[in-house]
Amino acid sequence: MDDSMEYLREECEKCYRCDLGKTRRNLVFGDGNEHARVMFVGEGPGEQEDLQGLPFVGPAGKLLDDMLEMIDLDRTKVYIANIVKCRPPRNRDPLYQEQDRCMDYLERQIALIDPAIIVCLGRIAAMNLIRDNFRITREHGMWYQIRGRSCTAIYHPSALLRDVSKRPETFEDLRGIRQQIRAICPEVYADVD
Ligand code: SF4
């Protein structure tokens, strides 16, 4: 049977491949435009996301929305997902085993959406999608070709809430993302040009 987002979502909703499935209140599958040319990937749901079943809806989500708006994007133009689809207890980092078990779902989601650009939000997403020894402090804002897609990483919005000194670098990185979108999928900005 051909894969589809509906089929994939149903499969994830029944998933207990890792222990995070036992404590989730809601699966956080993803949100946004399923035909998006640009995809953002964080590391995992927090408390608000777990309660609402949607990614990036707490304070970090509000900041992400502001960051998208700065470069003339919003959730209708992008797709947002995470490395793990269930909340790690007490907002700890997802364990390697949890990331590994959930990555297959994300890979299928990426294949179905087929974005030209993937923006990793934070170190954990970048280590899974760009390179396992990715150093976010040194390599944020740089571009990599990974399996035919342009990929970059920026600081996770939660890190920007904790440490405002990282924001100027992130504004630069966002400008770089806008340039890359204009270069390889300018149709994203058809309504603002
Ligand atoms: S985090 Fe992923 S692998 Fe673990 S139970 Fe949830 S959907 Fe399944």
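What percentage of the 193 residues of the protein count as buried? The figure is 41%. Keep in mind that this is a predicted model. Now start the tour.

**Stop 1: the whole chain**

Show the protein as a cartoon. Its secondary structure comes to nine helices and six strands. The radius of gyration is 16 Å, close to the 16 Å that the globule rule gives for 193 residues, so the protein is as compact as a globular protein of that length. Along the principal axes, they fill a box of roughly 45 × 40 × 30 Å.

Now think about contacts. Take those in the protein with a separation of 6 or more: 71% of them are accounted for by residues 24 or more positions apart.

**Stop 2: the ligand**

Select the ligand and the residues around it. There are 13 residues in this shell, and Cys15, Cys18, Gly21, Cys86 and Cys102 come nearest. Color the shell by class.

Which helices each supply at least two residues of the shell? They are α2, at 20–23, and α5, at 96–113. Of the elements, α5 gives the most, with three residues.

**Stop 3**

Select Glu10. This residue sits in helix α1. Glu10 counts as exposed, because it has 12 C-beta neighbours inside 10 Å. Glu10 and Phe29 are 19 residues apart along the chain, and their C-alpha atoms are separated by 9.7 Å.

Move on to Arg17. Look for this residue in the loop between α1 (5–13) and α2.

**Stop 3: helix α4**

Select residues 59–70, which form α4. At 1.5 Å a residue, the twelve residues of α4 should span 16 Å. The end C-alpha atoms of α4 are 17 Å apart, which agrees.

Color the buried residues of α4: Ala60, Gly61, Leu64, Met67 and Leu68. Look down the axis of α4. Its buried residues fall within an arc of 115°, so they line one face of the helix.

What do the buried residues of α4 pack against? Show β3, α8 and α9 to see these partners.

**Stop 4: two positive phi angles**

Asp72 follows α4. You will find Asp72 in the loop between α4 and β3 (78–82). Its phi is near 60°, a positive value in a residue other than glycine. Asp72 is partly exposed, because it has 14 other C-beta atoms within 10 Å.

Now jump to Arg147. Here phi is near 45°, again positive in a residue other than glycine. Arg147 lies in the loop between β5 (144–146) and β6 (149–154). Is Arg147 buried or exposed? Arg147 counts as exposed, because it has 10 C-beta neighbours inside 10 Å.

**Stop 5: helix α9**

Finish with residues 167–184, which make up helix α9. This helix has 18 residues. From its first C-alpha to its last, α9 reaches 26 Å, close to the 26 Å expected at 1.5 Å a residue.

Pick out Thr170, Ile177 and Ile181, which are buried in α9. The buried residues fall within an arc of 35°, so they line one face of the helix. What covers them? The cover includes β2 (38–42), β4 (117–121), β6 and α8 (157–162).

Note on methods. Residues numbered from 1 in each chain as written. Predicted model: local features only at pLDDT ≥ 70, side-chain atom pairs only at ≥ 80, totals over all residues. Near = placed C-beta within 6 Å. Helix = DSSP H or I, 4+ residues; strand = E, 2+ residues; numbered from the N terminus. Buried ≥ 20, exposed ≤ 12 C-beta atoms within 10 Å, placed from the backbone. Rg over C-alpha atoms; globule rule 2.2 N^0.38 Å. Contact = placed C-beta atoms within 7 Å. Expected span 1.5 Å × (residues − 1). Arc of directions from axis to C-beta.
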